[in-house]
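Here are my notes on this one, jotted down as I went through it. Have the viewer open while you read.

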Amino acid sequence: MKSALSREHTATAWLLRREEEGWSAGDHALLEAWLNADPRNRVAFYRMQFGWQKADRLAALREPVVPVRADSARTWWRRRGFGPAFAIAASLALGAVIVWHLGVFERHTYTTSVGGRSEVPLSDGTKIELNTDTRLRAEVNANSRTVWLENGEAYFDVAHDATRPFVVHGGTRNITVLGTKFSVRRDGDRVDVVVLEGRVRVDDLSPSPQPTVVITRGDIAVSQGAALKITHSEEHAVDELSWRQGMLTFNEMTLVDAAAEFNRYNHKQLVVVDPRAAAVHIGGSFDATNVEAFVRLLKQGFGLTVEDEGNVIRISR
Amino acid sequence: MIDEAILKNWFFTEIFPLDAALTRFIRRNWRNEADVADLRQDIYARVYASASERLPLQAKPFLYITARNHLINCAKRAKIVSFEHIADLDSLGFPHDAITPDRQLTAREELYRAQEGLDRLPPRCREVVMLRKIEGLSTRETSERLGVGIDTIEQQLVHGMRALVDFMLGGSGKIRRKAAKPRVSIKRNL
């Protein structure tokens, strides 16, 4: 009886390759064909994936400092990361040189208004989705790909290209992509990174930098000033990105935090005036721009008092 | 037809947590240990086929009935089990605890289990799995770090992953070589 074990072997090899850099649409189609060929293939693949995810707990053993080899390209980027002014100056100089010689220099600024959302393709095949009230600059040239997130939140589906590192500058943090799908949100000096697939590296650029960290699928890194907190939950990571479908997903969030989330998407601002109401916990998915529906739920479902004053909705108990 | 994402999620939340219990059930009711992996896979494939039409309301009894029917069919077809054995299976009727799930492990217990599974791997395998799972290196990066070919790393990873997954799901966590390998070595011996 060899078939189950050899199928398991093939399923494992697929699972492994799918995690690798350079996984393409063609690879995906091949995998789908294999999965569809026999339900036993599919259940073997799912079972392997289930067990492999369980072993994700091992990530807790990860050391905070990532060893860096002297000969690798990553070192170079890390060094550049510590001198942001130099890095920007260097990339500008580089860009200028490239414009001069090749004329392939692309730099654009993209913005969205409150409640807006937009998807922009870069010339390298990367897709960026901008969330509400966001402003970012992107530069793609022959040697590098750089994004400056000035404010707001964006989701990146980065086209794999080992020769051109992809770096997102967000305040005091640099996010270097190691082939992946992830989002970055910037709110003043607070920077949140959520990884959906692959891995990214977060470098601290402050004068007394925290160690560099590498975070992977399902990790959520929240940094503010010198503090950096990393949590792991694939479910929460997916919830965090529900804005891409125009939704807000709360997982037992306090009303005051939920209101702050809604306020990012709407001109009509929610104000929680009563500490007892602020502490109410909210769970569920909501249309980000339908603040009226959310307020109705607060009134009917939670028995809270709601006063609509035009631009402001006051909530109390 | 049930949406694939829903079906997959149902397997992950309702069916696979019963994996160890299902394996025990098969082992208890089937004499040839070598068939266990095949029987389990066939049972999952049957569960998948039925569930893709309509999701069963209760996963545990559904898995049990599918498993029991499959074992009876196989026994009848193969004529490898005595009639009393089949009768035993039939007389089991519908006991609620025929497939008893293990207690859900806490996050900490799951980490300990993963560490124990790692410890059971041969040193080389353990190293590549650790570089993957803990440091997040790709196959290429691991290959560069260890100075070993990518194909070798991938082979070691596949063996290590399978053994670790086997252990995480309640198995012995032993490496199982691909079935094709012994055949090759026999040829070489000739």
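1. Start with the helix contact in chain B. On the α7(B) side, B:R124, B:C125, B:V128, B:V129 and B:R132 do the touching; their partners in α9(B) are B:I153, B:Q156, B:L157, B:H159, B:G160, B:M161 and B:L164. Keep in mind that this is a predicted model. Sorted by class, the contact between α7(B) and α9(B) comes to seven nonpolar, three polar and two charged residues.

2. How do those two helices cross? Helix α7 (residues 123-133) of chain B meets helix α9 (residues 150-168) of chain B at an angle of about 85°, and their axes are 8 Å apart. At that angle, α7(B) is roughly perpendicular to α9(B).

3. Over to chain A, where there's an open sheet of three strands. The order is β13-β16-β15, and the pairing is mixed. β13 (269-272) and β15 (305-308) of chain A are the edge strands, each pairing on one side only. Ignoring direction, neighbouring strands of this sheet are turned by 20° against each other on average.

4. For the parallel part of that sheet, look at β13(A) and strand β16 (residues 312-316) of chain A: they run parallel and are joined by four bridges.

5. Helix α9 (residues 291-302) of chain A lies across β13, β15 and β16 of chain A, and runs at about 25° to β13(A).

6. Now the second largest pocket, with a volume of about 800 Å³. It has 32 lining residues, and those closest to its centre are A:R185, A:R190, A:D192, A:E240 and A:M253. By class, the lining divides into 12 nonpolar, eight polar and 12 charged residues.

7. What builds that lining? At least two residues each come from β7 (173-187), β8 (190-204), β10 (219-224), β11 (227-232), α6 (234-240), β12 (247-254) and α7 of chain A. β12(A) gives the most to the lining of this second largest pocket, with eight residues.

Technical notes. Residues numbered from 1 in each chain as written. Chains lettered and ligands numbered in written order. Predicted model: local features only at pLDDT ≥ 70, side-chain atom pairs only at ≥ 80, totals over all residues. Heavy atoms only, no water. Axes fitted to C-alpha atoms, helices over the stretch in contact; angles between N-to-C directions. Parallel < 35°, antiparallel > 145°, perpendicular 65-115°, else oblique. Contact = heavy atoms within 4.5 Å. Nonpolar A, V, L, I, M, F, W, Y, C, P; charged D, E, K, R; others polar. Pairing = 2+ DSSP bridges. 1 Å grid on protein atoms, 1.4 Å probe; cavity = no way out; pocket = protein on both sides within 12 Å on 5 of 7 lines; lining within 4 Å. Points joined across faces, edges and corners; volume = space filled by probe spheres on them.
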